[in-house]
Amino acid sequence: MRTSRTTLARRAVAASASAVIALGALAACGSEGDGEDEDTQNAEDFSFECPEREDGERAPDEAANEEQPFIFGTPGVPTSLDPVLASDGETFRVTRQVFDTLLDHDCTDMVPGLAESYEQNDEGTEWTFHLREGVTFHDGVELDGEAVCANFDRWNNFTGGYQSPSNTYYWSNFFRGFAESDPEMGVEGESIYDGCEADGLTATIRISEYTANFPGAFSMATTAIVSPGSLEQLTDDDMDAPDSPLPEYSQEAGVLAGTGPYKYVEWDHSENAVTLERYDDYWGDPAGVKTIIFRQIGDGNALRQALEAGDIHGYDLVSPADVQPLIDAGFQVPTRGVFNILYLSYNQVSGTLGDHAIREALSYAVDRERIVNSVLPPGGSVATQFMPPSLEGWSEDVVQYEHDPERATELLADAGAEDLELEFCYPTDVSRPYMPNPKDIFDIIAQNLEDAGVTVEATPITWVDYIDATNQGECELYLLGWTGDFNEAYNFLGTWFQTETTEWGFDNPEIFDGLAEAASEPDADVRAEHWIELNEMIMEELPGLPISSSPPSIAFAPEVYPPDVSPLTQEDFSELYFAAAE
Amino acid sequence: MLRYTVKRLLQLVVALLGLSLLLFAWFKSLPGGPENRMLPDNATDQQREALREALGLDEPVWTQYGEFLGRAVRLDFGNSLSSGRPISTELADRLPATIELSLWAIAIAIGVGIPLGYLAARKRGTWLDFTAVSGSLIGICTPVFFLAAMLKVVFSQNLGWLPTAFRLTPGTDYTDVTGLRVLDGLITGEFDVAWNAAMHLILPAIALASIPLAVITRITRASVLEVLGEDYVRTADAKGLKAQTIRGRHVMKNAMLPVVTVIGLLLGSLFAGAVLTESVFSFGGVGSFVYAATTERDYPALMGFILVIAVSYVALNLIVDLSYGFLDPRVRVRS
Amino acid sequence: MTLAKIEKLDRLVEAGVEARTAEGGSLWHQSLRRMRRSPMAITGAAIVGLFLLIAILGPWIAPHSSTAQEWGDEVFLNRNIFPGPRAENWFGLDHLGRDMFSRMVVGARQTLLVGVVATLIGFAAGAVVGGVAAASGIFGGRWGQRIESVIMRSVDVALAIPMLLLALSIAAMLGPSLTTVMVAVGVAQIPIFARLLRGSMLAQAHSDYVMAAISLGVPKSRIVISHIFPNSLGPVIVQATLVLATAIIEAAALSYLGLGNPDPGSAEWGTMLADAQRFLAGAPQLAIYPAVGIIITALGFTLLGEAMRESLDPRLRREQ
């Protein structure tokens, strides 16, 4: 890779300066605003990106690995076996085992995937990938540049319902549109995809305009490479409306072949189960367990009970309240690194929060440490800015707002806002990776604000309406967050602060222009400088209060040797196996 | 009789049309459309608006209703917003699970409830009667989801006797014949499958059976008591008929009539219980599908489902009523 | 099946009419006297009485605030630390460090409120629907009978929809809130009350005193409003007692399905029970307190209602 990367260690130390590990020490109150190292109690060597693995290798139980299926409980069902038609984690968890992307992640660092190496030109408009040798798809076809180009060309040439953002959201997000964008399908932009050239084992992809989504986009699960043999069987003309059912081929095993360690065997819709089987000619280390079944179980309670009863061998998004009981019962709950942000937005549309002093007061009022210490999964930390510390561009010098209720009351009094009333929205029926049980978090913040003399009007909104309501600026305060797709600050900051929106309701051209400039900068190091500056500007402006970065927990049965856990929740299930009893 | 049948049919069609219109208008008037469900968290407002237009959500409600009705008649309820698959397929896929669970629950409720109710009536005033009556009252008053959760905590989680979820251990090979797993296992001779499926059914079926069991016990007890007091039973007794004959021919036969009718009535509450039980036990039937559709505001799925249920209820209702008409001339006269 | 439901309701109607007409008011008195001797009625009344007492006095009995997170820094749900019963907090703390005992005591009122309001909604709307149907059936002539037929047929269809499903779709539409639960549970009861009141009123219409009033030339509207309607309420009130129990349980079910009261400030048993499901592994007591509360209360109302019904029902009376 061309760009040099600062070591993890440096950033880890920087991160720990502002973070508190859940150790039960709750003394850090009333310290000054720009908290330095001395008033935090933390393990210096704890890496929030990717905590060290503590368990050693274990001897595999060969018989079990061949005969016993590994059953993984999932909170939701995948939407499609073809990742390009999806935008959700439930789908990607499955497709990542079957397909490979050009670039991959190790922890949060971009590493080679199907491409052993790549080059970009100075403008960032030409990306040349040198593919691995000897990679075969599940249908026996060999991987070459042509195969890569065939995939990208297919995606860019999607028509009809395929173009709808409800299906190919990520493609139109990265490439802005299609060869012939169809406004009727909800896509109006012009594609920046400018063709792909294959030459043996190299593929060169051109884009007409650089954005900071690259090269991250090449690591995204949606740009995984499907066998040309499979593509030949597809006609891509069976979806004419945005709400047409997804094509048959994406709903059942049979057509799609990838290069991953597993291949599709079956998708049983009535049981909500997807079965994968080891691919013996996989280019990397062969998968540990022969058969993996992803089986949906509705809620966290049921998942935990199923794991405890031995009905499943692992599950994701463990509720924070279940982590300790599971560990006590001998189950494994490896801590993921953090790669998300939960924030409290101060929406300025209604005007009340337009006063910087009030926003500042609220920020001092909120006890973020209590949230991290008592209701979020272990391994989380208080956030100081709108991105997790593992990203290039995270700043050590942003303004910080330590919990200080007295100062909050004072500031409110100075601003003449003693009898402040605020509408505070939170989502129901949902548990997001960055926000398990939003109501608990809401409860704590609401109490903090009440203690500071603010009258809180609780406004619960169903999750499906929540995004809409908060986007429209209907709530003065609301909780939301974001989990990163890949290692690029733009994936976080760009999500929120590109322009004036009703989502935030503030107008700060300095931030908007700075962001546009950073996003079009192809040099990652220069870009990182921009992000640092932007983070400092944003925290000065204080459009909202970043609350925490906390890893969603994943649990495994005692007899399983778990895979390395990923901050991006991109676990490689081929790494896990049943271990022999010791 | 024909006139009566036609009249009832027409009334039902009108009622169903009304119901569908009401449902449709209701669902449409709600804030927050399906487009929110179809896009990721950070989609822009333009993307949302564009998708609304593309989905035809900006057309007049009447046009949308017409289209909806036209398709509904052909059993096409559109696609589920959460899975993207046709709703009719989703429902058809999951129906066997719910049917199997309900059959088991009803079997438990009848198998235990009738003998228990009968015994309670025969031994009126004893501890058995007291236990049966108070047990059934508590059964009615316990929230189904709480009972299901407690059963699971005790028998699966703590004792480890029974599985906590699913219809079969995932990865079990089975041959699908009727969709009812236990029956399939017996038909095809895969007895391990039948056993496996039966183990998975026990707890959910018990939880689901709790309310029907309580009701059937009480109704049986009440109607046996009533029949025992009837003159013809007393006459039979006085005639010196054998106790067994009296019980079999006179008491049980006559006491069963109200019980049988009430079992039909219970199908409604059974269904409500299935939504809760299936969601606790991840049973993968229609119940959990509907629950998911509710929380995710999967309107098309919810509407399709309510219509299917309403039509089948109304149809069953009609059959029952008509058969009453045949059996009992008084009904015909009254209407 | 609907027939069976209808039959059950009709029987209650008959019982009420018989009680009213056969021996004037004295049979009601008899029923009351009989109830005083029934252990079922006594137990039911005792439970209901205690519950009402707590519901009314709750805020004064509660030793602590039911909403303030007074011990918030002693609870760590992500490490399964939930302080249990102790001198200060008799029932321990909930997941946010609030006093569980106070929440239970204060929550009784909310729970009662949900039950009563839901029942009143069902009762009021059901009374209007059933009343209009009956009135037009009795005095509306040919057209009136058609109107009655259409109304009652719709009520029958509504009776056929499982109650929880109806409540579920209403709750899904209105969004989660306490009001939603009350409306949803209440609306689901409308057809039952409508059917009951209409049957009861029709039965009254044929009674002697109505005949007498008609022959005396009393205006029809007055007969309906001041004679038939009030005299038809007996069975409806019995049913209302039973519905109260159902409403409390249904409300808990809706909360469990995520459609209940999301307001963290107020304590309500159904919401508390639903919310505590996720702590069943580490802190089952959080679920058990409200569950026991709900079961006992529902039991109280059911016992009372059943006892009332039995004491009114001539066929069951014979057995006692």
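## A predicted model, seen chain by chain

From the N terminus on, the elements of chain C run α-α-α-α-α-α-α-α-α-α-α-α-α, and the secondary structure of this chain comes to 13 helices and zero strands; helices (H or I, at least four residues) and strands (E, at least two) are DSSP runs, numbered from the N terminus. This is a predicted model, in which local features need pLDDT of at least 70 and side-chain atom pairs count only at pLDDT 80 or more, while totals for chains, interfaces and linings use all residues. Residues are numbered from 1 along each chain as its sequence is written, and chains are lettered from A and ligands numbered from 1 in the order in which they are written.

Of the 320 residues in chain C, 60% are buried, a residue being buried if 20 or more other C-beta atoms lie within 10 Å of its own, exposed if 12 or fewer, and partly exposed in between, with C-beta atoms placed from the backbone. Among the contacts in chain C with a separation of 6 or more, 73% are between residues 24 or more positions apart; two residues are in contact if their C-beta atoms, placed from the backbone, lie within 7 Å.

In chain B, Ala274(B) has its place in helix α11 (residues 243-281). Why does Ala274(B) count as buried? Ala274(B) is buried because 29 other C-beta atoms lie within 10 Å. Its contacts, neighbours within four places in sequence left aside, are Thr98(B), Leu101(B), Ser102(B), Leu208(B), Gly285(B) and Gly287(B). Phe145(B) is 129 residues from Ala274(B) in sequence, and 9.8 Å from it in space, C-alpha to C-alpha.

### Strands and helices of chain A

| Strands | Bridges | Direction | A bridge pair |
|---|---|---|---|
| β14(A), β15(A) | Eight | parallel | Leu422(A), Val456(A) |
| β14(A), β16(A) | Two | parallel | Cys425(A), Tyr478(A) |
| β4(A), β5(A) | Five | antiparallel | Tyr118(A), Phe129(A) |

Strand β14 (residues 421-428) of chain A is mostly covered, with six of its eight residues buried. Together, β14(A), helix α12 (residues 438-451) of chain A and β15(A) make a right-handed β-α-β unit; right-handed says that, with the strands pointing away from the viewer, the path from the first strand over the helix to the second runs clockwise.

Elsewhere in chain A, four strands form an open sheet in the order β4-β5-β7-β6, with antiparallel pairing. Its edge strands, each pairing on one side only, are β4 (115-120) and β6 (193-199) of chain A.

Helix α7 (residues 300-308) of chain A is mostly covered, as nine of its nine residues are buried, among them Arg304(A) and Glu308(A). After α7(A) comes Gly310(A), whose phi is positive, near 80 degrees.

Key:
Pairing = 2+ DSSP bridges.
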